[in-house]
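User: I have a model open and want to go through it piece by piece. Can you take my questions as they come?
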Amino acid sequence: MNVLQHNPAQMPSAPLDVAIIVPTLNEAGNIAAMVLALDVALTGTRYEIIFVDDWSADGTPEAVAVAATDRRDIRLIRRYGRRGLSSAVVEGALATVAPVVAVIDADMQHDESLLPRLIAAVSSGAADVAIGSRYVADGSVGDWNATRARGSRVATTLSKRLLKVDVADPMSGFFAIRRELVIAALPKLSSMGFKILLDLLVSAPQPLKIVELPFTFRTRNAGTSKLDSTVAVDFALMLADKSIGRWIPARLLMFGLVGALGLLVHLGLLRIGLGFGASFSTAMAIAVVGAISFNFVLNNTLTYRDRRLKGAAWVWGLISFYAVCGIGAIANVGVGSIAFNSHYSWWLAGVAGAAVGSVWNFAASSVLTWRKR
């Protein structure tokens with residue numbers, strides 16, 4: 001008998017209690033174990049499992065297909081050209097009719113045995129959101145090293161202070177919530193990065209009833225961690241978006257910071273070129289091309305990480321970015337000249353030109369180079 005076929009959640013006539021959203025990226029080695037663990041933990045619950053996969057290259061979709069054999073309660077959403085845990089959770093929540101959605105990592109670091117209590121707290125009306133927390137009494141980060149534990153604490157403190165979130169573990173990725181609340185928060189969600197719970201708490205149109213239940217964070221079952229240096233960038237972008245996003249879009253802010261670094265690259269290349277005896281025009285041309293290339297690579301890696309270009313798309317993206325920045329340079333010079341000829345000071349004219357050029361570069365590259373697919 002297939003142990004994955006025993007659960008009553010498979011009965012098509014029974015209304016669903018909950019949808020379990022499992023975002024995946026290269027988690028093939030965890031799929032079978034995750035499904036079995038959920039079947040055991042949720043005995044007696046009418047549920048479906050929705051895997052939202054960001055175009056994994058290790059056979060994760062195929063592993064889900066095997067687990068879903070002869071079952072109606074396991075579904076797969078495959079995403080191409082977009083990625084990120086936050087947006088994956090949103091798409092999973094929008095794909096179900098279950099009144100409650102629960103989010104759990106595919107790597108089995110979250111304790112699935114806590115799910116019935118999280119779901120019950122929301123289903124009963126005791127809470128709008130029930131959070132699996134590492135930072136309430138009896139909760140723990142498990143075997144984390146000192147660096148990771150310290151980083152998590154810093155991120156938690158920043159979230160609570162900057163965004164005024166009165167929750168012990170707003171960075172948790174393990175929680176249950178009423179589906180209608182996800183839909184209500186949707187217009188204000190940034191969906192950036194991987195901390196969807198924090199995004200939901202800040203974006204909710206009304207105060208939420210919150211319950212936190214302790215669990216101990218476990219070690220990864222299989223595969224490799226997705227935590228890298230860009231996670232910190234994602235987190236910073238989301239903090240910026242939720243705190244000052246009403247005035248300055250977080251992507252525009254990041255784009256501007258990359259541009260500032262690009263200016264340093266430009267000046268450095270110009271100095272090197274002149275040092276090797278090149279004419280000013282030649283050195284300037286090299287500096288411009290080098291700075292634009294630098295900006296493209298960094299923006300592709302950080303600012304537009306969720307729309308990152310690869311392969312042939314990377315080449316065409318670079319070409320389009322050259323074109324966009326070329327027009328931006330013309331706008332920069334034109335606006336600056338008009339301001340200067342209108343008797344504004346030289347530095348104010350320069351700032352005006354640079355601002356117009358930067359806004360153009362950001363807007364045009366968002367549409368042409370890193371357009372949503």
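User: Start with Met 108. Is it buried or exposed?
Analyst: Met 108 is buried, because its relative accessible area is 12% and the cut-off for buried is under 20%. Keep in mind that this is a predicted model.

User: Where does Met 108 sit?
Analyst: In the loop between β4 (100-103) and α4 (115-123).

User: What about the phi of Met 108?
Analyst: Phi is positive there, about 70 degrees, although Met 108 is not a glycine. Lys 164 also has a positive phi without being a glycine, with a value near 55 degrees.

User: Where is Lys 164, then?
Analyst: Lys 164 lies in the loop between α5 (146-163) and β6 (175-178).

User: And is Lys 164 buried or exposed?
Analyst: Exposed, because its relative accessibility is 70% and the cut-off for exposed is over 50%.

User: Back to β4. Which way do its side chains point?
Analyst: Val 100 and Ala 102 point one way from β4, while Val 101 and Val 103 point the other way. All of them are buried.

User: Which strands does β4 pair with?
Analyst: Strand β1 (residues 18-24) pairs with β4 in the parallel sense, over four bridges. β6 is joined to β4 by four bridges as well, but these two strands run antiparallel.

User: Which residues partner Val 103 in those bridges?
Analyst: Ile 21 has Val 103 of β4 as its bridge partner. In β6, the partner of Val 103 is Phe 175.

User: What do β2 and β3 do?
Analyst: Strand β2 (residues 47-53) and strand β3 (residues 74-78) pair in the parallel sense, with five bridges. One of the bridge pairs is Val 52 with Ile 77 of β3.

User: How does the chain get from β2 to β3?
Analyst: The chain goes through helix α2 (residues 60-67), and this β-α-β crossover is right-handed.

User: Pick a residue in α2. Is Val 64 buried or exposed?
Analyst: Val 64, which lies in helix α2, is buried, because its relative accessible area is 2% and the cut-off for buried is under 20%.

User: What is Val 64 in contact with?
Analyst: Leaving aside neighbours within four places in sequence, Val 64 is in contact with Ile 31, Phe 51, Ile 74, Arg 75 and Leu 76.

User: How far is Val 64 from Asn 30?
Analyst: Their C-alpha atoms are separated by 9.9 Å, and the two residues are 34 residues apart along the chain.

User: Switching topic: what is in the second largest pocket?
Analyst: About 850 Å³ of space. The lining has 31 residues, and Gly 259, Leu 263, Asn 295, Asn 332 and Asn 361 lie nearest the centre of the pocket.

User: Which helices supply the lining of that pocket?
Analyst: α9 (250-275), α10 (280-303), α11 (312-341) and α12 (346-368) each supply at least two residues. The largest share is from α12, with nine residues.

User: How many of the lining residues are polar, nonpolar or charged?
Analyst: The lining has 16 nonpolar and 15 polar residues, and no charged ones.

User: How far is Pro 249 from Arg 71?
Analyst: They are 44 Å apart in space, C-alpha to C-alpha, and 178 residues apart in sequence.

User: Last one, the whole chain. How many helices and strands?
Analyst: The protein chain has 12 helices and seven strands. Its C-alpha atoms fill a box of roughly 80 × 40 × 40 Å along the principal axes.

User: How much of the chain is buried?
Analyst: Of its 373 residues, 45% count as buried. Among contacts with a separation of 6 or more, 77% are between residues 24 or more positions apart.

How values were computed:
Residues numbered from 1 in each chain as written. Heavy atoms only, no water. 1 Å grid on protein atoms, 1.4 Å probe; cavity = no way out; pocket = protein on both sides within 12 Å on 5 of 7 lines; lining within 4 Å. Points joined across faces, edges and corners; volume = space filled by probe spheres on them. Nonpolar A, V, L, I, M, F, W, Y, C, P; charged D, E, K, R; others polar. Pairing = 2+ DSSP bridges. Right-handed = clockwise from strand over helix to strand, strands pointing away. Buried < 20%, exposed > 50% of the residue type's maximum accessible area, 1.4 Å probe, protein only. Contact = heavy atoms within 4.5 Å.
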